[in-house]
Amino acid sequence: MQKRIRTRSIHSGEKKDRANRGIPPAVVLASTFFFKNVDELERHKDKSDPREEYGRYQNPTRAVAEQKLAELEGAEDAIVCSSGMYAIAITLLRILKPGDHLLILDEMYHRTEDLCSGLIAKFGVEISIVESCNLESLRSSIKENTRLFLFETPTNPHLYVQDIEAIVSICKERKVKTIVDATFGSPVNVQPLKFGADIVIHSCTKYLAGHNDVLAGVILSRKSIIESIRELHFTIGGTLDAHSSYLLIRGLKTFPLRIAHQNAVTEEIALFLASHPAVKKVFYPSLPSHPNSGVAKRQMSGFGGVISFDLGTKKRAKKFVDALSIPYIASSLGGTESLVIPYSIVVPPTIQEVETGKFKIEAGLVRLSVGLEDKEDLLEDLTHALKAVQ
Ligand SMILES: Cc1ncc(COP(=O)(O)O)c(C=O)c1O
C-alpha cells in the first residue's frame, strides 16, 4: 500500500540496503563513473546493466531526488534539472516541432511568457493565449495543429485556480497534451496527474527545496514521455549537481510539514487583510471573494503560502513594503523566510498596456510569500506597515 505523504517525503527513493550506513543519502561528487572492465562497459551500453556512466546523464544523489519527487506526485518517472525554467524549456523543445500550435494562459510567470513568445516562437511554433478560467476561450482556441496547452494553477500573481479536470477533458477530446506548472500549488495542495494532466512541472526552487538556497526544477509524467524528454535533456545538459540535489532532498523531507504551516498561517493573513480598510482587494483562493474559490475548494487540499493584495497605488505599495520589518524584499516564494515584492515594479506595464489603459497587474499589487515565522509576529508586522498607508 502507498505510504502517506509525510512518510514518502522522508523515505521515498532512499534504499535501506545502501553500502554506506549513513542515514542521509550520500552526496556523490563525480562528473564521471568508472567501469571495472570493458565487459561491464559493454553490458551498460547494451542496457543489460543500467548504472551511472557520466554526470550529465545520471548521478546517485540526483536519482534519490527524482524517485522521491515521482512518488510524492504519484508520477511514473521524473527528471530533476537545474531550474524550473529549464524544466519548462526542455519539455516544450522536446515535444513541439515547427508548424505546431501551443496554447498558453494569459496569466503565467513572466519568464514563461517570454520563453514561449521568444525562443519557442522562433522555432516556427504558433502561440495563442487562452483566457484564465475560461473554458470557452480554451475550446475556441484549439485548432488542427494544436499540440500542447501549458498553464499554471494557481497562477502567478493573482492565484487564479484553473479547473484541471475540465481542461483535461476538453484537451483529450482534441488530442492536445496538458502541461501544468503546479509550482504555486505543490504536491501537498494539488495533484494534477490525478485529474488526468499529462505532465506536471515544478520550480523546486520554491516550496519543494523550501529554504531559499537552491535553484532546481522537476518534470513529472508517464515513463514514455519522461524517457523521450530525457534523451534531449542528456544532450543539452541543465543537470542538477549532487550538492544541490542533496539540498533539495533535505528540503523535501520537511516539505509537507512546512506547507501545512504556510497554508494555515496564510489563510489567517488573508482573512486579516480582507477585513482591513487600507486594503482594496485580496487575492487568495479560499476567500469567498476570490473568483475561483469553488474550483479551489474542490481541487485543492490547501491554498498555499502566497497571497497578493492591492493597496490602490504604486506609491502606497512601496510605502507599505518599506514599512515591513520581517519579510525580505525579494522575488521568489515558498521558502522559510517571508518575502515581499511590490509586483508592478518587478513586472512593469507593457507599452501596449499603457496605450490601452488596460493593465494586467494592478499598480498597487503586493505579493507576499509567507515563510515559517510565527503568525503573531507576521500579523503585528503587517498591522504596523498598513498603518503607514492608512
Ligand atoms: C510559477 C513559476 N514557474 C516557474 C518558475 C521558474 O522557476 P526557476 O526560478 O526555478 O527557474 C517560477 C519562478 O518564479 C514560477 O513562479
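Residues are numbered from 1 along each chain as its sequence is written. Because the model is predicted, local features need pLDDT of at least 70 and side-chain atom pairs count only at pLDDT 80 or more, while totals for chains, interfaces and linings use all residues; side-chain values use heavy atoms, with hydrogens and water left out.

Searching the whole structure gives five aromatic pairs, where rings of Phe, Tyr and Trp (its six-membered ring) pair if their centres lie within 6.5 Å, and planes under 30 degrees apart count as stacked, over 60 as edge-to-face and the rest as tilted. The pair of Y57 and F234 is tilted because its planes stand at 40°, with the ring centres 5.1 Å apart. This pair links distant parts of the chain, 177 residues apart: Y57 is in the loop between α2 (38-45) and α3 (60-73), and F234 is in helix α9 (residues 223-236). Helices (H or I, at least four residues) and strands (E, at least two) are DSSP runs, numbered from the N terminus. Y57 is partly exposed, at 28% relative accessibility, whereas F234 is buried at 17%; buried means under 20% relative accessible area, exposed over 50%, and partly exposed in between (1.4 Å probe, protein chains only). Ring pairs also bring in Y54, which forms a cluster with Y57 and F234.

A further pair joins Y284 and F303, and it is edge-to-face because the planes meet at 75°, with the centres 6.4 Å apart. Y284 is in the loop between β8 (281-283) and α11 (293-299), and F303 is in the loop between α11 and β9 (306-310), 19 residues apart. Y284 is buried, with a relative accessible area of 0%, and F303 is buried too, at 9%.

The pockets come next. On a 1 Å grid over the protein atoms alone, a pocket is an open set of points where a 1.4 Å probe fits, with protein on both sides within 12 Å along at least five of seven lines, and lining residues have an atom within 4 Å of a point. The largest pocket holds about 1,300 Å³ of space; a volume is the space filled by probe spheres set on the points, which are joined across faces, edges and corners. Its lining has 40 residues, of which P50, R51, E52, Q58 and A63 are the closest to the centre. Eight lining residues come from α3, the largest share. The lining divides into 14 nonpolar, nine polar and 17 charged residues, with Ala, Val, Leu, Ile, Met, Phe, Trp, Tyr, Cys and Pro counted as nonpolar, Asp, Glu, Lys and Arg as charged, and the others, Gly among them, as polar.

The second largest pocket has about 530 Å³ of space. Among its 23 lining residues, D106, E113, T350, E353 and K360 are the closest to its centre. Helix α5 (110-122) gives at least two lining residues, as do β2 (101-105), β3 (126-130) and α14 (351-356). The lining divides into 10 nonpolar, six polar and seven charged residues.

Finally, S308 is found in strand β9. S308 is buried, with a relative accessible area of 0%. The C-alpha atoms of S308 and P157 are separated by 6.6 Å, although these residues are 151 residues apart along the chain.
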